[in-house]
Amino acid sequence: MKNESVLILGAGVAGMEASLLLAAAGRKVHLVEKEPMIGGQLIKFEEVYPHMECSTCMVAPQQQAVLQNGNIEIHYLSALEKLEGSAGAFKASVKKKARYVSLANCIGCGACYDPCPVSLENEFEEGLAAARKAIAVPCAGALPNVPAIDPRHCLFLNGKDTQCRACKDACVFDAVQFEDKDETAVLDVGAVVVATGFGLLDVKQNPQYGYGEGKNVYTALEFERLFASNGPTGGNLTLRNGQTPKTVGIVHCVGRSELGYCSGVCCMYSVKFSRFLKHKLPDVRIREFHTDLCVPGKAYQKFFEKTRSEGVEFVRAETVKIASKESRLQVLYQNGGRGEEVFEADMVILSPAMIPAAGAKELAEVLGIKLDAKGFFAGRPGSLSPVETPVEGIFVIGCAEGPKDIPESVAQAAAAVGKILSLIPHEAN
Amino acid sequence: MSARIGVYVCECGPNIPDRIDIDRVLEEISPLKDVAVAKRYRLLCSNDGKKYLADEIRSEKLTHLVVAACSPRDHEKTFMKVCLEAGLNPFLFQMVNIREQCAWIFSEKSEATRMAVKYIRAGISRVTLHEPLLQKEIKATPDVLVVGGGIAGVETALSLAGQKRRVYLVERSDALGGTAARLGRLLPHQGTDMRLIQEKIEHAENNENISVFKGCEVEDIRGFLGNFEVSLKRSGGEPPPEMFRVGAVVVATGFALWDAFDPDVTGYGKIDDVVTSLEFEAMSASGKILKKNGSPPRSVALIHCVGRKEKGYCSKVCCLYSLKFAHQLKDSQPAPDVFEFYSDLCLPEKTDQDVFEEAKKRGVRFLRADDIRVEGRNGKIRIAYRDGSAEEAVEVEMAVLAPAMVPAPDSDRLARMLNIPLDETGFFKEAHSMLDPVSAPISGIYIAGCASGPKSIPESVVQAQAASGKILSVLMLGKTLEPEVKVSTIKEELCTGCQTCLNVCFYGAISFDAFRGVSVVNEAICRGCGSCVGSCPSGAISSKQFTYQQLFKEVMEALR
Amino acid sequence: MTQEFKPNLVGYLCNWCSYAGADLAGATKLEIKPTLSVVRVMCSSRVNSNLVLTALAWGADGVLIAGCHPGDCHYEQGNYYARRRFALLKKILESLDLEADRIQLSWISAAEGKRYADIVNDFAEKISRRGPSPLRNHSKI
Ligand SMILES: Cc1cc2nc3c(=O)[nH]c(=O)nc-3n(C[C@H](O)[C@H](O)[C@H](O)COP(=O)(O)OP(=O)(O)OC[C@H]3O[C@@H](n4cnc5c(N)ncnc54)[C@H](O)[C@@H]3O)c2cc1C
Ligand SMILES: Cc1cc2nc3c(=O)[nH]c(=O)nc-3n(C[C@H](O)[C@H](O)[C@H](O)COP(=O)(O)OP(=O)(O)OC[C@H]3O[C@@H](n4cnc5c(N)ncnc54)[C@H](O)[C@@H]3O)c2cc1C
Ligand code: SF4
Ligand code: SF4
Ligand code: FES
C-alpha cells in the first residue's frame, strides 16, 4: 500500500499552497522549513506587481490557514538529512534544530526580547535594521509569532554566561526551554515536493557595482525592506544618512551575463520599485537601466507603460558601473551607439539575478536528483511538465525549479499536487 | 429555556490584567441579562484552558459563549473547536478582542477597562442573536468537463480520468491537440519531440474513462460546483449528442493568432513568401520549408512582436519560437541567412537564453528594430526598419510574422454561458491572478493553458496539472462538499427583483428566479463577503453571523 | 465648548486587511486613543448607508470605514463598491445638512499597523475639534 503522506521542503508561497491543497484532500503533510517561521520571501515585500497588492494581506491568510490546519505538521528549523525508498514509500530523516521556545506555551507577547543582553545583526532586515536579540522573531508580524533562541549567540547556550536566564525569567508562560535538544524525526511519506525557493546573487563579488559598507547602493531585497511599512525605517525611503533621495538609478540584470540566464522577474520588480518611489516621493527622478525588457504575458506590459508614463526614464544600457563621487553615486553605462554616459544618483538599487537557494546542491545529493547547469533542480528529460523530476515521486516547484513569479510558483504547486493525487490515490477509492 | 451566556475573560498571562482591571470588568458584566457566569482564567488557549472551557460549557449548561481574549484571528477557530467538542454549536460563540485592540493600545488602565467592558457588552448582546449554523454537505459528481482539446485540455483529461472519474473532453474542431499538435517541432531545449504530444493525444483518445467529443461545443451549462448539467451540440448544428452531469468544468480553449494586421505594413497577403508563424510551422511539419516557387529560401527574416503595440501586451512565446525557427533554418543545407527583427527579447525561463546564445553562435543576426515595414521589391522582400534614429533595410526571400496571441474565437459566448468574466485583453480572468491563477471566480470552474493568456507548452501543461490538483482536492471521491457556512440569504418577501445584487456578486452566487420574480443566493457558491447585503436597496439580504441586527447591537453598545 | 470632549467613534473594519492592521498596531504596542469602537465585517463592501446612518443617528460623533487598498480586497472588488457607496453617502449627508466629514473611508493593509494607529488618532483629533455630533442629543441610546 502506498503511503499517502507528503513531505514538502520549504514553506514559501509555493510550499504553502501545495500543503494547503494536499491537506484539503485529506493528506497528511510534513512541511519542513529551515527558518523558525513560514512565508518565504514574500513576507518581505510591501506590495507585489502587477496590481500592487499588499503582500502581507495576500499571504497572511494563507499562513494562518497553514498554521491552523490539522493535517499539516510544520517542522521548523529543519532540514532533510536522508531520503530512502521510492515513490509511495519514502523514508525521510529530518533534522530539527532546537527552538528553545515552546510553540505550545508561547503566546508571542515579546516580553523576553528586551531583557536579553545580546545584540545581533538582523538578517531578515538585510542588515538595515536596529539589532535583534538572541531571542527574537525575525520580523514584526512573523508567523508563527513565536521567537527562537539563536544558540550560537545566546550567552547561556554558548556557555559564555552560565548565569544568564534573562529571557526565561521574563517569560511568565514558561515558554523558554533551554533543555530543548536538536532531534531527528523519521517520517514515512509517499511523495516529496521540493519548494526551497531562491537566493540572490551576491553583489559584493563584483566590485563594478560599487556595493559596499555605508554606501547608498542597495540590493533589491534591501530596498523591499526599506519600502516596507513594517520594515526598519517604517517605510521611509531614506538614504543611509537619513536624507531623502532626489535621484535614483535602478540597475536591471545584475549578473545576467555572467550566469547566462534571465531571471524573468527582475524587470517587473524593478518597475515596481519605481512605482514605490513615485508613490512616496512624487518628485524623485528615476532612471532604470535595462538590457532587454522582459514583461511577458497579458498583464505586465501595461504595468511598465503606466510607470513610464509617470515620468520614469528607461534606458538601454549594455554595461553598467557604479562609482562614488563625493557623497553621490555615478552610474556609468554604455548606451548603444551613443557610447558611455553618466547618470548621477543619490541612491542606486541593484536587481541581482535569482540563484538557487543556499544548500540546493547538498539537498540535491540527499534527494538523489540532479541540478541543471544553472544550479536549479532539473526536470525529467522527456517530460513536458517542469515539476516532474527524474525520480518518480519527487517533484520540484516554485523558484527551486528556476526563477519565476508568484502566479507561476503557485501554479506549479497545484500541478505537483495534481500529479501526487493521481499518482497516489486515496486507498478507499 | 432562557439563554445562559457564559463570559470568560482570558488573562493571557500578564498581558491583559496589566492594562485591564478584569475584576472590574466582571463586576459590570455579571449583572447583565442572560449572563449566567462571568469568570476569568489565566490562559484559555492552553490545553488546560480549553479543557476548562469545555467543562464549563457542559457543567454550566451554557447556551452561548463569549470569550474575551486575543484577536479572533489568533484563536477563534480554537474556541469554536472547543464548543463543538463540548456539544455547543460553534456559531453560538463570540470572540471579543480585548488584547490587540484594547489592552495593548490604550495606555490608561481605566480607559482600557471601560473599552473592554464596551466590547464585551457588544459581544454579549450580539451573541444572543446568533443562529446555530450547521455545516451543510452537498453531494458532488466527481466527473469533469474539459472544454477545448488542445495540449492543456488533453493533459487535464489525462491527469483527472480514473476508474471512478469520467472526463468529458469537448473539442470544437475535428482533432485533438490544438496548436501544439500542428507544430513542426518543439524548442530545442524542451528536451523532447513532437512524438510526446502525439502520444498524449493517443492516450486521451484511447482512455476508456475519457469521452472525447470532437466537432462539438457546449450548448448549455447550468449549476454549480459539484453539480453542473451540461448539454453539447455538434459544431455543424446536428441534434445534441449528449447531456451529462459534472462536478467541475475546465476551460482550456486556448488562443488564436491576431490577424488584423495591415497588409501595407506587413506585406501579408500581398507579397509572396510572407507567412505567419503557424504557416511556417505547417511547412516545417511537412518537412518542406520552401518558397512559393518551390525553392528553399536563401535568406529569411523572422519578425517578432507583430501586433504587440496594438494589443498592448507581449505574447511571451513568440521570441522563443522565432528562435526555434532560426535554429531550424540553420539546420538545413545549405543554411540560409537568418535575421531576427525584435523589439525586446523576452527570454524569461532559465534555459531560454541558451537558445538565443546558440543561435547567435550559428550566425543568426539579431536586429533591434522599430517601425518595421515589409515591402515587395523586384521579387524580393525588403524589410525596412528603424534602428534608433537610423533608417535601415534588409532584403530577404522569406519573411515570417510572429503575430500576437489573442483569445480563442467566441470566448465571450462561453464566458457568458459559464457566467465567468473575461479581462480587458479578452482572455479569461483568473479568480486571483496571483494566488489562484487556474481558477475562475466561480467555484467549480477552472482555467488552464492559453485560455487565460499567452503561455508556452510546459506552462500550459503545468496549468492543466494545477487545475487537476485543485479539482482532485475539492471533488474527492466518496466525499461531500462542505461549503462556506456564513453565507448570505435573500428574504423573498422583501426582494423587489431589481437584480442589483446579481451584478455585485463577484462569484456569480446569485441568480434570478424569473418565475417568482426574486433573486436567490446559491449557498454552495457564496463566500460570505456581504457585498450584496450592502448593495440591496430593499434590505432583503442578510449575511449570516453579520446580520444588521447583530451589527446594530455592536454599534449600540459602542455608543452607550 | 468643552476641552475634555472625548468623541465616540465607530470603526467598521474589513476582516482581511484593516482588522489585521489594527491587530498589528496592537501587537507592536502602538498607542491609540480610546475613542473608536471596532466593528468587524468580512469586507468593506458590507458597509452601506444603513449601517453608517444608524450609527450617526444613534449619536456616533464619527464613523470610520476601513478596507483593503484598492485592488487588494479579499473578495476582489468589494472595496470598489465601498468606495462608490461612500461617495454617495457623503452626498446624502451633505444634502441632509449633516457634517459630511464625520465619516471617513480609509484603506489600511494588514502590514500597516502604524497607519492604522495614525488614522484612528488623527480621526479622533479631527472629530474632537469638531465637537460632539449634533445628533447626539436626539439619540435614543
Ligand atoms: C526583490 C524581489 C521582488 C519580487 N517581487 C515580486 C512581485 O512583486 N510579484 C511577484 O509575483 N513576484 C515577485 N518576486 C518573485 C517571488 O519572490 C517568487 O516568485 C516567490 O517568492 C517564489 O516562492 P517560492 O515558494 O518558490 O520560494 P521562496 O519564497 O524563496 O520560499 C522558499 C522557502 O523555502 C525555505 N527553504 C530554503 N531552503 C530550504 C531547505 N533546504 N530546507 C527547508 N526549507 C528551505 C526558505 O526558508 C523559504 O521559506 C520578487 C522577487 C524578488 C527577489
Ligand atoms: C507558431 C507557434 C509556435 C509555437 N511553438 C512552441 C514551442 O515550440 N514550444 C512551446 O512550448 N510552445 C510553443 N507555442 C505555444 C503553444 O502553441 C501553446 O502554449 C499551446 O498550444 C497552448 O495550448 P492550449 O491547449 O492552451 O491551447 P490551444 O492549442 O489553442 O488549444 C485549444 C483548443 O481548444 C479548442 N477550442 C477553442 N474554443 C473552444 C470551444 N468554445 N469549445 C470547444 N473547443 C474549443 C480549439 O479548437 C483548440 O483545439 C507556439 C505557438 C505558436 C503560435
Ligand atoms: S438587490 Fe435586493 S431587491 Fe434587488 S434583486 Fe437582489 S435581493 Fe432582490
Ligand atoms: S455574500 Fe458575497 S459571495 Fe455571497 S452572495 Fe453576497 S456578494 Fe456573493
Ligand atoms: S476584504 Fe478588505 S475590503 Fe474587501
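Ala514(B) is exposed, with a relative accessible area of 64%. Ala514(B) sits in the loop between strand 24 (510-513) and strand 25 (518-521) of chain B. Helices (H or I, at least four residues) and strands (E, at least two) are DSSP runs, numbered from the N terminus. The C-alpha atoms of Ala514(B) and Ala451(B) are separated by 32 Å, and the two residues are 63 residues apart along the chain.

The model is predicted: local features need pLDDT of at least 70, side-chain atom pairs count only at pLDDT 80 or more, and totals for chains, interfaces and linings use all residues. Residues are numbered from 1 along each chain as its sequence is written, chains are lettered from A and ligands numbered from 1 in the order in which they are written, and side-chain values use heavy atoms, with hydrogens and water left out.

Leu129(B) is partly exposed, with a relative accessible area of 36%. The residue is found in the loop between helix 5 and strand 5 (144-147) of chain B. Leu129(B) and Lys553(B) are 424 residues apart along the chain, yet their C-alpha atoms are separated by 9.2 Å.

Helix 5 (109-127) of chain B also takes part in the lining of the largest cavity. On a 1 Å grid over the protein atoms alone, a cavity is a set of points where a 1.4 Å probe fits but cannot get out, and lining residues have an atom within 4 Å of a point. Grid points are joined across faces, edges and corners, and a volume is the space filled by probe spheres set on the points. The structure holds 12 cavities of 30 Å³ or more. The largest has a volume of about 390 Å³. Its lining counts 27 residues, and Gln94(B), Met95(B), Arg126(B), Glu554(B) and Arg40(C) lie nearest its centre. At least two lining residues each come from helix 3 (72-85), strand 4 (93-97), helix 5 (109-127) and helix 17 (548-559) of chain B, and from strand 2 (36-41) of chain C. By class, this lining has 14 nonpolar, 6 polar and 7 charged residues. Here Ala, Val, Leu, Ile, Met, Phe, Trp, Tyr, Cys and Pro count as nonpolar, Asp, Glu, Lys and Arg as charged, and the others, Gly among them, as polar.

Ligand 3 is surrounded by 13 residues, and the closest are Cys495(B), Cys498(B), Gln499(B), Cys501(B) and Cys536(B). A residue is near a molecule if one of its heavy atoms lies within 4 Å of it. The shell around ligand 3 has 7 nonpolar, 6 polar and no charged residues. Among the residues that surround ligand 4 are Cys505(B), Tyr507(B), Cys526(B), Arg527(B), Cys529(B) and Cys532(B). The shell around ligand 4 has 7 nonpolar, 4 polar and 1 charged residues.

Rings of Phe, Tyr and Trp (its six-membered ring) pair if their centres lie within 6.5 Å; planes under 30 degrees apart count as stacked, over 60 as edge-to-face and the rest as tilted. The rings of Phe304(A) and Phe314(A) have centres 4.8 Å apart and planes at 80 degrees, so this pair is edge-to-face. Phe304(A) lies in helix 7 (residues 300-309) and Phe314(A) in strand 18 (residues 313-316) of chain A, 10 residues apart. Both Phe304(A) and Phe314(A) are buried. The pair of Phe280(B) and Phe325(B) is tilted, at 4.3 Å centre to centre and 40 degrees between the planes. Phe280(B) belongs to helix 9 (residues 277-285) and Phe325(B) to helix 11 (residues 318-331) of chain B, so the pair ties together parts that are 45 residues apart in sequence. Phe280(B) and Phe325(B) are both buried.

Ring pairs also link Phe223(A), Phe227(A), Tyr269(A), Phe273(A) and Phe276(A) into a cluster. Lys280(A) lies over the face of Phe227(A), at 4.1 Å from the ring centre. For such a contact, NZ of Lys or CZ of Arg is within 6 Å of the ring centre and within 35 degrees of the ring normal.

Conventions
Buried means under 20% relative accessible area, exposed over 50%, partly exposed in between (1.4 Å probe, protein chains only). On a 1 Å grid over the protein atoms alone, a cavity is a set of points where a 1.4 Å probe fits but cannot get out, and a pocket is an open set with protein on both sides within 12 Å along at least five of seven lines; lining residues have an atom within 4 Å of a point.
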